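User: I'm new to reading protein structures and would like to learn how to look at one, feature by feature. Could you walk me through it?

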Amino acid sequence: MADTPHPTRISMPATAKRGDIIDIKTLIQHEMETGYRRDANGRVIPRDIVAHFEVRYLDEIIFAADTFAGVSANPYFAFSTIVGDSGPVTFTWTDLAGRKTVETRTLTVT
Amino acid sequence: MVGLVFAASQAVGLCSLAAQTNLPSRPAIAKPGNVYQSPATQAQQADDGANPAMLWVGQGEKLWSSTDAGDGKSCAGCHGDAVASMKGVATRYPQIDAKSGALLNLEGRINQCRTDRQHATPYAYESAPLLSLTAYITLQSRGMPRDVKIDGAAAAQFEAGRSFFVTRQGQLNLACTQCHDQSVGQKLRGDTISQGQSGGWPAYRFEWQTMGSLHRRLRACSLGVRAEQLPFGSPEYVALELYLAWRSQDLPLDAPGVRR
């Protein structure tokens, strides 16, 4: 599959009012290779999964998840958060080898 | 040879007349493939933020302006902004290529562009870049009805596709029409049998854990009736694709779809 960083899609409003509850949806293109499958020659295909996903808003964790081999390919996370101040929202997907895919969006409070 | 070609085109012309006066039947009320999916899957297709196929669309958008191809020409270099130039293009495929006379689907046209115009190696069928570009181009026709030509030079191909659809095949000795016309709405293992409408493809299929082309879906159908799985992009499947496109021409294109 694609090298790190992996292609991602993030869906969230660019602006919101203080105190609003906003929905954030994320996708990452990742094979989530389980490590249980074998190739045509019978060799185990090494496990390659997103192991940890973390979202920070103004440097504070607002969502985090540990993911394992049972999670399907191209993991989709959707959650909501309460709007405080304007600032960056940072999305970090970390795989087993510690390689990171990082995306940042700015939320502007109106 | 010229005489033969002429005679053949005359015969095709006659066929097309016959085809126009006595067209094969279509479902009375056309329903897109996603209405046979669960409500959750339908919701995932309807929401671009949740539809995993949009990851491939995003890659296709990048490839559109990538100059990595053979002589450094990008798709955008000739076609400009795809949002304007590719609008409605996918509705007209498969179509007869004026130069070679062959029936080309969108994948075939993309690869023709790559070899003839960009002087690059064609993408392998079902490769991520080809799926991504196909999905990106098809998305520009979202909501538009099909507009394929089935007369003239395409008449023979249309007839080949129709014939494929109604001919029994495989160890189970089933024709496409027996499921997708005669048994629509009934259960086949865990699935509800759809009308076999093709407007949602390429689509993300959970069973595959990835994006797949219409031909991958057709190969799954061939396997299901224990018939020979034809190669990706084979003339038989492209002809069938033309028939399916005509058959779903009342429906707006809703690719990229999400399927179980």
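User: How many salt bridges does a search of the whole structure find over all chains?

Analyst: Here's the general idea: side chains of opposite charge can pair when their charged atoms come close. The rule used here asks for a side-chain nitrogen of Lys or Arg within 4 Å of a carboxyl oxygen of Asp or Glu. Over all chains, the search finds 15 salt bridges. Keep in mind that this is a predicted model, where local features need pLDDT of at least 70 and side-chain atom pairs count only at pLDDT 80 or more, while totals for chains, interfaces and linings use all residues. Residues are numbered from 1 along each chain as its sequence is written, chains are lettered from A and ligands numbered from 1 in the order in which they are written, and side-chain values use heavy atoms, with hydrogens and water left out.

User: Which residue forms a salt bridge with Asp48(A)?

Analyst: That's Arg99(A), with the closest N and O atoms 3.9 Å apart. Asp48(A) is in the loop between β3 and β4 (50-57) of chain A and Arg99(A) in the loop between β7 and β8 of chain A, so the pair ties together parts 51 residues apart in sequence. Helices (H or I, at least four residues) and strands (E, at least two) are DSSP runs, numbered from the N terminus. There's also a network of salt bridges here, linking Asp48(A), Asp95(A) and Arg99(A).

User: Which side chain meets Asp181(B) in a salt bridge?

Analyst: Arg247(B) does, at 2.8 Å from N to O. This pair links distant parts of the chain: Asp181(B) is in the loop between α9 (176-180) and β3 (187-188) of chain B, and Arg247(B) is in helix α11 of chain B, 66 residues apart. Asp181(B) is partly exposed at 28% relative accessibility, whereas Arg247(B) is buried with a relative accessible area of 1%.

User: What about the two chains: how many residues of chain A are in contact with chain B?

Analyst: Contact means heavy atoms within 4.5 Å. By that rule, 12 residues of chain A are in contact with 14 residues of chain B. Chain A and chain B bury about 1,100 Å² between them, with 56% of it on carbon and sulfur atoms. On the chain A side, Arg9(A), Leu27(A) and Gln29(A) lose the most area to chain B, together 46% of what that side buries.

User: Which side chains meet in a salt bridge between chain A and chain B?

Analyst: The count between these chains is one salt bridge. Its partners are Lys25(A) and Asp47(B), at 2.4 Å from N to O.

User: How do β1(A) and β3(A) run relative to each other, parallel or antiparallel?

Analyst: In general, strands of a sheet pair through backbone hydrogen bonds, either parallel or antiparallel. Two strands pair if DSSP finds at least two bridges between them. Here, β1(A) and β3(A) run antiparallel and are joined by four bridges. Ser11(A) stands opposite Lys25(A) in β3(A).

User: And which residues are on the covered face of β1(A)?

Analyst: In a regular strand the side chains alternate between the two faces of the sheet. For β1(A), the covered face has Thr8(A) and Ile10(A), and the uncovered one has Arg9(A) and Ser11(A).

User: What is the strand order in the open sheet of five strands?

Analyst: The order is β2-β8-β7-β4-β5 (chain A), with mixed pairing. β2 (15-16) and β5 (60-66) of chain A stand at the edges with a single partner strand each, so one side of each has no neighbour in the sheet. Inside the order, β7 (residues 87-95) and β8 (residues 100-109) of chain A run antiparallel, joined by eight bridges.

Notes: Buried area is the accessible area (1.4 Å probe) that two parts lose on being put together, summed over both. Buried means under 20% relative accessible area, exposed over 50%, partly exposed in between (1.4 Å probe, protein chains only).
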